Amino acid sequence: MTKPAQGAEPELPGKPTSASRTTLSHIMTGSDTNLLGTVHGGVIMKLVDDAAGAVAGRHSEGPAVTASMDEMAFLEPVRVGDLVHVKAQVNWTGRSSMEIGVRVLAERWNESTPATQVGSAYLVFAAVDADGKPRAVPPVIPESERDKRRYQEAEIRRTHRLARRRAIKELRAQRTAGRAHDTTEGTDRP
């Protein structure tokens with residue numbers, strides 16, 4: 001075993017995907033509805049964030065905060081009386097960030113029909129210390145072929161998130177530089 005470089009954090013041992021995988025189940029009631037009488041998307045999003053947060057905290061063994069939510073897809077409406085299952089797992093880890101994949105399923109509380117997928121999302125969480133500063137997370141170890149596929153897809157999503165962020169920063173910098181040029185252009189007249 002090699003000694004970490006001066007000032008570098010030691011490598012944390014990896015954790016398998018199954019170590020932090022979780023399911024949050026909740027029955028939908030009248031207080032969860034929107035004006036159309038179906039369950040409000042924000043209620044589902046909160047359940048998604050709660051389940052993903054539990055997974056991030058378990059995997060990182062401490063506090064983790066939501067950094068972003070990507071690709072929240074609502075596939076079917078959820079109704080009052082549906083038993084909603086929110087299944088979440090770590091798909092990918094970086095130094096202090098984790099992508100959590102979430103599937104949302106619903107079934108009637110009083111029927112024995114199979115649950116239907118009604119939504120999905122990808123969230124990025126950052127592990128933080130007591131001062132709110134980023135802290136290292138253990139690498140995730142994909143266990144199945146499905147886990148390996150999810151890991152590879154998460155890397156693609158991360159690449160796209162970073163490229164989008166970079167492009168937006170560049171565009172804003174160009175606009176700021178253009179406005180500064182416009183305000184000074186007329187002041188140099190003799």
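Guide: Of the 190 residues in the protein chain, 32% count as buried, where buried means under 20% relative accessible area, exposed over 50%, and partly exposed in between, with a 1.4 Å probe and protein chains only. The model is a predicted one, in which local features need pLDDT of at least 70 and side-chain atom pairs count only at pLDDT 80 or more, while totals for chains, interfaces and linings use all residues. Residues are numbered from 1 along each chain as its sequence is written, and side-chain values use heavy atoms, with hydrogens and water left out.

The protein chain holds two helices and seven strands, in the order β-β-α-β-β-β-β-β-α from the N terminus. These elements are DSSP runs numbered from the N terminus: helices are H or I of at least four residues, and strands are E of at least two.

Now to the pockets. Rolling a probe the size of a water molecule over the atoms shows where empty space is left. A pocket here is an open set of points on a 1 Å grid over the protein atoms alone, where a 1.4 Å probe fits, with protein on both sides within 12 Å along at least five of seven lines; lining residues have an atom within 4 Å of a point. Grid points are joined across faces, edges and corners, and a volume is the space filled by probe spheres set on the points.

Two or more lining residues come from each of β2 (22–27), β4 (82–93), β5 (97–108), β6 (116–127) and α2 (145–185). Helix α2 gives the largest share, six residues.

The second largest pocket has a volume of about 230 Å³. It is lined by 14 residues, with S68, V124, R161, L162 and R165 nearest its centre. At least two lining residues each are supplied by β3 (64–74), β5, β6 and α2, and the largest share, five residues, belongs to α2.

One of the residues nearest that centre, R161, lies in helix α2. R161 counts as buried because its relative accessibility is 9%. Leaving aside residues up to four places away in sequence, R161 touches S68, D70, E99, V124 and A154, a contact being heavy atoms within 4.5 Å.
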